[in-house]
Each structure stands twice: as structure tokens, then as C-alpha cells.
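The entries follow in the order in which I looked things up.

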Amino acid sequence: MAPEDIKKLRQELGCTARELAGALGIEQETVLAWEHGDLFPTKRFVGMMEELRRKGPEAIPRKKKKQANASPLQVLADPELWRLFRKLLSHPELRSAALKLADAYPDPTDVPPS
């Protein structure tokens, strides 16, 4: 497998060198060395990469990115929030269930500022 083949595989899988390395159980530096032509993957790793290609992007384990607390304006810009809001307005039984569920959570305006 040539260096450009490994780069192409990463593009197909939509993954970073670190993510590909994680899927193969090796260090990121090894994948980068393959891509630079400093090292070449063994038959075992070529087979593993072909299997990843066959399975597609879902085969790559990805870490969830830690999301910073969104500002109120960012929250209001979220289309999912408005989708939920429309459903709450349209379905009284959903609104009732949501109110019961919300009772278990503190109201942010009731929490004293830190």
C-alpha cells in the first residue's frame, strides 16, 4: 500500500491520522510515517485497512468533542430547539409530559449566581 493510498483511505473514511491509528491499534506516528513513505504497512495492517474501507466511515471510532457551554444566542440558533418548541406547541400531551419531566430539574433563574 503506497503513501497516497493511505491518504486516500483517510479521505474516504473522513478520519485523522490519529483516528486511523486508533482503529488499527497503533501509534499516530506510524500512520504518518506510512503517509510520508518512511515506513510501509505490513500485510496484516493492509488487510485491516481494507476491512476498514469495506466497512466505511462508521468503522472508525471517534472521540466525542467536548462541547463548551453554548451561549443563550447559540442555543436559540439551534434548529433542534425550534423543532422541539413547535412540537410542544402542537401537542398538549407532549407539553404535559415535558412539564412533569422538567419538575426534576432546577430552573436556571432559581440558581444563585456563583
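Entry 1. I began with helices H6 and H7, which are roughly perpendicular to each other (angles of 65 to 115 degrees count as such). The axes of H6 (residues 79–90) and H7 (residues 92–102) come within 5 Å and cross at roughly 110°. Axes here are lines fitted to C-alpha atoms over the stretch in contact, with angles running from 0 to 180 degrees between N-to-C directions; helices are DSSP runs (H or I, at least four residues), numbered from the N terminus. I listed the contact (heavy atoms within 4.5 Å): Lys 87, Leu 88, Leu 89 and Ser 90 of H6 and Pro 92, Leu 94, Arg 95 and Ala 98 of H7. These residues divide into 5 nonpolar, 1 polar and 2 charged. Ala, Val, Leu, Ile, Met, Phe, Trp, Tyr, Cys and Pro count as nonpolar, Asp, Glu, Lys and Arg as charged, and the others, Gly among them, as polar.

Entry 2. I noted the basis of the values. The model is predicted, and local features need pLDDT of at least 70, side-chain atom pairs count only at pLDDT 80 or more, and totals for chains, interfaces and linings use all residues. Residues are numbered from 1 along each chain as its sequence is written, and side-chain values use heavy atoms, with hydrogens and water left out.

Entry 3. I turned to H4 (residues 43–55) and its contact with H1 (residues 3–13): the axes come within 10 Å and cross at roughly 30°. H1 is therefore roughly parallel to H4 (under 35 degrees). In H1, Asp 5, Ile 6, Leu 9, Glu 12 and Leu 13 meet Met 49, Leu 52 and Arg 53 in H4. By class I recorded 5 nonpolar, no polar and 3 charged residues for this contact.

Entry 4. Which residues of H4 meet H2? I found Phe 45, Met 48, Met 49 and Leu 52 in H4 against Leu 20, Ala 23 and Leu 24 in H2. This contact has 7 nonpolar, no polar and no charged residues. H2 (residues 17–24) and H4 pack at an angle of about 110°, with their axes 10 Å apart, which makes H2 roughly perpendicular to H4.

Technical notes:
Helix = DSSP H or I, 4+ residues; strand = E, 2+ residues; numbered from the N terminus. Parallel < 35°, antiparallel > 145°, perpendicular 65-115°, else oblique.
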